[in-house]
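Subject: Handover of a structure

Dear colleague,

Please find the structure below, followed by an account of what was found in it. I would be grateful if you would read the two side by side.

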Amino acid sequence: MIAVIIITSLCFVSVFISYVAFRKGFTKSADDYFVAGSSLGYFVLIFSLLASFLSAFSMFGMSSFGYRLGYGSLYVLTANLVPLGFLWYFMHKKTFLLGRARKWMTMGAPFGERYGTPMKIILVLVVLVASVPYVVAQIQGIGVMLEAMSDGIISFRVGLFFVPFFIAIYLMMGGMKGAAWVNAIQGVFFSVMVFVLFFFVMMKNGGFVPTMEMVLAKHPNLFQIGWAGGKVWSYPMIFGMASAMALGCVCFPQPYMHAYSSRSVRGLKAMFLSFGGICLFVITMPTLIGVAGNVIVPGLKGVEADKIYGLVAAATMPDWLAALAVAGGFTAAMSTVNGLVFGNAVNLSLDVVRTMRPKTQPSEYITFARIFVAIIMAVCVWIAWNPTTPVAELSVIAFGTVAVTFFALWGAYYWKRATAAGAILSTLAGVFMNILFFVLGGKNMILFPQDFMFQLNGFLASFIVAGIVFFVGSWLTTPGKTEEKSLKLFFHPVLEK
Amino acid sequence: MSAQANRKKNLGFLIVFAVLTVLCWCPIGYGRYGEVDLIMGMPSWAFFLLMIGALLFVLQWIYLFKTDLALYDRDVEEIVEALRKIDTEETRI
């Protein structure tokens with residue numbers, strides 16, 4: 001019952017924060033609603049970007065990884081994300097500057113100006129298709145968590161409606177500003193709760209070092225790389241997972257939306273830099289909690305290990321504090337749904353509707369975005385309704401699918417010879433390869449090294465193919481009028497710094 | 001500082017970033033298969049991974065906030081003004 005009260009309170013607090021943004025008039029113009037009037041300071045930016053990326057997987061999934069696979073899991077979401085500081089800066093510096101000059105509000109905008117409308121629409125659709133299973137996985141996770149935390153008082157299917165309803169309300173009401181405020185508060189909340197849980201778990205057996213020595217004595221393989229005959233955490237497996245997660249992050253809508261919303265360059269740089277730094281601490285904690293879980297709740301197998309985060313909280317903390325710790329993971333799922341649904345609704349409203357109805361009034365775009373928030377959320381709840389839908393598996397291809405747009409984005413900003421044909425072919429080829437690998441071999445083929453692909457996983461193979469198609473396609477085709485005309489904007493001498 | 005010197009400095013940072021990124025994405029040179037020693041309760045390669053991550057974080061901070069190679073707020077107004085004068089095909093709201 002304590003958990004139900006805590007989660008309901010979190011939902012109401014989120015709606016209230018968004019209501020404040022609405023009442024203060026932060027959603028009146030399209031600029032205000034979609035990019036918060038480019039007014040977000042760096043504290044909100046940092047925690048909003050963090051919360052919009054870190055999902056339930058970051059808490060529950062990573063502790064399960066740590067429990068089952070040990071320290072090698074640190075390559076999935078911790079130090080491997082630190083390079084995002086400079087990767088995001090170089091890839092999105094021009095997004096910020098050109099966005100400010102051209103009043104961009106969507107991730108399709110740079111692609112539209114550089115390559116033309118077809119590429120913009122393809123991008124919007126690719127991101128939407130990649131995002132939906134990821135959002136569905138979060139919503140299903142929320143349903144499962146609510147059922148477990150409430151001891152069945154809130155059933156899985158009621159849970160599917162319960163939280164998405166609140167998320168839709170606060171997104172429709174508060175726009176980017178409301179969403180960023182909610183994300184920031186949720187980001188701070190789950191970061192603090194991870195630290196608190198880490199402290200309790202490690203103190204259970206006398207501190208970090210004694211706990212780890214106990215785990216080492218029982219499960220020495222969890223401390224190794226290349227165990228199970230070189231199959232688990234081999235070099236190719238580590239490289240494939242680490243690079244997939246980082247490169248996927250570059251291309252999702254969140255960094256675009258936050259770059260447009262930033263008040264200053266200082267805030268932009270602080271946000272990009274802090275993300276990896278905070279992940280280095282905040283995601284390392286649940287991973288190590290999972291490793292330590294082996295001596296607190298031993299013997300969990302398969303999907304049972306996914307509950308280790310909640311189980312060690314229950315085993316080491318008072319009930320009310322354990323409920324708060326688990327609610328931290330819950331807010332991580334909420335903020336990811338929030339970030340992806342809003343990003344896609346903005347893309348559909350501004351990129352697709354504007355292309356189909358060029359004379360739409362700016363205020364009407366806000367209405368369209370609100371409608372798209374409701375539609376996307378309803379579709380995701382509908383897909384999530386059947387708990388056996390393999391969305392969790394499908395969501396693993398989300399990062400790979402979005403990452404293939406990396407070359408088109410890089411070419412838009414840094415390669416004058418890039419053409420629309422090269423960008424479109426590259427994106428389609430990359431998406432096709434990801435889907436093909438998934439159909440042929442499921443998530444294993446996407447995530448794990450394959451002998452017949454020189455130890456590359458499906459993600460990296462698709463990424464490399466997308467890159468080759470981009471360069472060859474651009475060389476073999478001639479830049480059209482749009483590409484030629486865009487050069488004076490995208491390669492203006494003032495952008496050289 | 002001359003543009004040439006800045007370019008060299010920029011390239012230097014990029015090379016260091018690239019090397020550290022590879023190390024953050026793969027334990028080349030500091031992790032080997034099989035039994036490991038512990039440093040502060042962690043396998044030695046995990047300890048080095050976290051240290052490499054921390055080093056990369058600090059170097060990025062220096063690049064972004066302590067050198068004249070990155071973009072600063074004082075530059076933005078002039079850049080945005082120049083860009084606003086350009087006309088391209090896509091219309092805006």
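A residue is called buried if 20 or more other C-beta atoms lie within 10 Å of its own, exposed if 12 or fewer do, and partly exposed in between, with C-beta atoms placed from the backbone. By that rule Leu74(A) is buried, because it has 29 C-beta neighbours inside 10 Å.

Please note that this is a predicted model, in which local features need pLDDT of at least 70, side-chain atom pairs count only at pLDDT 80 or more, and totals for chains, interfaces and linings use all residues. Residues are numbered from 1 along each chain as its sequence is written, while chains are lettered from A and ligands numbered from 1 in the order in which they are written.

Chain A

Chain A holds 24 helices and zero strands; helices (H or I, at least four residues) and strands (E, at least two) are DSSP runs, numbered from the N terminus. The C-alpha trace of chain A spans about 65 × 55 × 40 Å along its principal axes. Of the 497 residues in chain A, 63% are buried.

Two residues are said to be in contact if their C-beta atoms, placed from the backbone, lie within 7 Å. Among the contacts in chain A with a separation of 6 or more, 82% are between residues 24 or more positions apart.

The largest nonpolar core has 219 residues, of which Ala242(A), Met245(A), Val326(A), Val341(A) and Val373(A) touch the most other members. Helix α9 (residues 156-203) of chain A supplies the largest share of this core, with 22 residues. Such a core is a set of buried Ala, Val, Leu, Ile, Met, Phe, Trp, Tyr and Cys residues joined through C-beta atoms within 7 Å. Leaving aside residues up to four places away in sequence, Met245(A) touches Val76(A), Leu77(A), Asn80(A), Leu81(A) and Phe399(A).

Helix α12(A) is mostly covered, with 15 of its 17 residues buried. At 1.5 Å a residue those 17 residues should span 24 Å, and the end C-alpha atoms are 25 Å apart, which agrees. The expected span of a helix is 1.5 Å times one less than its number of residues.

Ser38(A), at about 45 degrees, lies in the loop between α2 (30-35) and α3 (42-53) of chain A. It is partly exposed, with 19 other C-beta atoms within 10 Å. Gln455(A), at about 70 degrees, is in the loop between α22 (420-447) and α23 (458-476) of chain A. Gln455(A) is also partly exposed, with 16 other C-beta atoms within 10 Å.

Chain B

Chain B has three helices and two strands, in the order α-β-β-α-α along the sequence. Its radius of gyration is 21 Å, well over the 12 Å that the globule rule gives for 93 residues, so chain B is more spread out than a compact globule. The C-alpha trace of chain B spans about 65 × 35 × 20 Å along its principal axes, and 30% of the residues of chain B count as buried.

Helix α1 (residues 3-25) of chain B has 23 residues that should span 33 Å, and its end C-alpha atoms are 32 Å apart, which agrees. Its buried residues are Leu20(B), Thr21(B), Leu23(B), Cys24(B) and Trp25(B). What covers them includes α12 (235-251) of chain A and α2 (44-65) of chain B.

Where the chains meet

In total, 47 residues of chain B are in contact with 52 residues of chain A. On the chain B side, α2(B) gives the most, with 14 residues. The residues of that side divide into 32 nonpolar, seven polar and eight charged. Here Ala, Val, Leu, Ile, Met, Phe, Trp, Tyr, Cys and Pro count as nonpolar, Asp, Glu, Lys and Arg as charged, and the others, Gly among them, as polar.

Leu74(A), in helix α5 (residues 74-77) of chain A, touches residues of both chains: Ala79(A), Thr284(A), Thr287(A), Ala46(B) and Leu49(B), not counting residues up to four places away in sequence. Leu74(A) and Thr287(A) are 213 residues apart in sequence, yet 7.0 Å apart in space, C-alpha to C-alpha.

With kind regards

Notes
The radius of gyration is taken over C-alpha atoms; the globule rule is 2.2 Å times the number of residues to the power 0.38.
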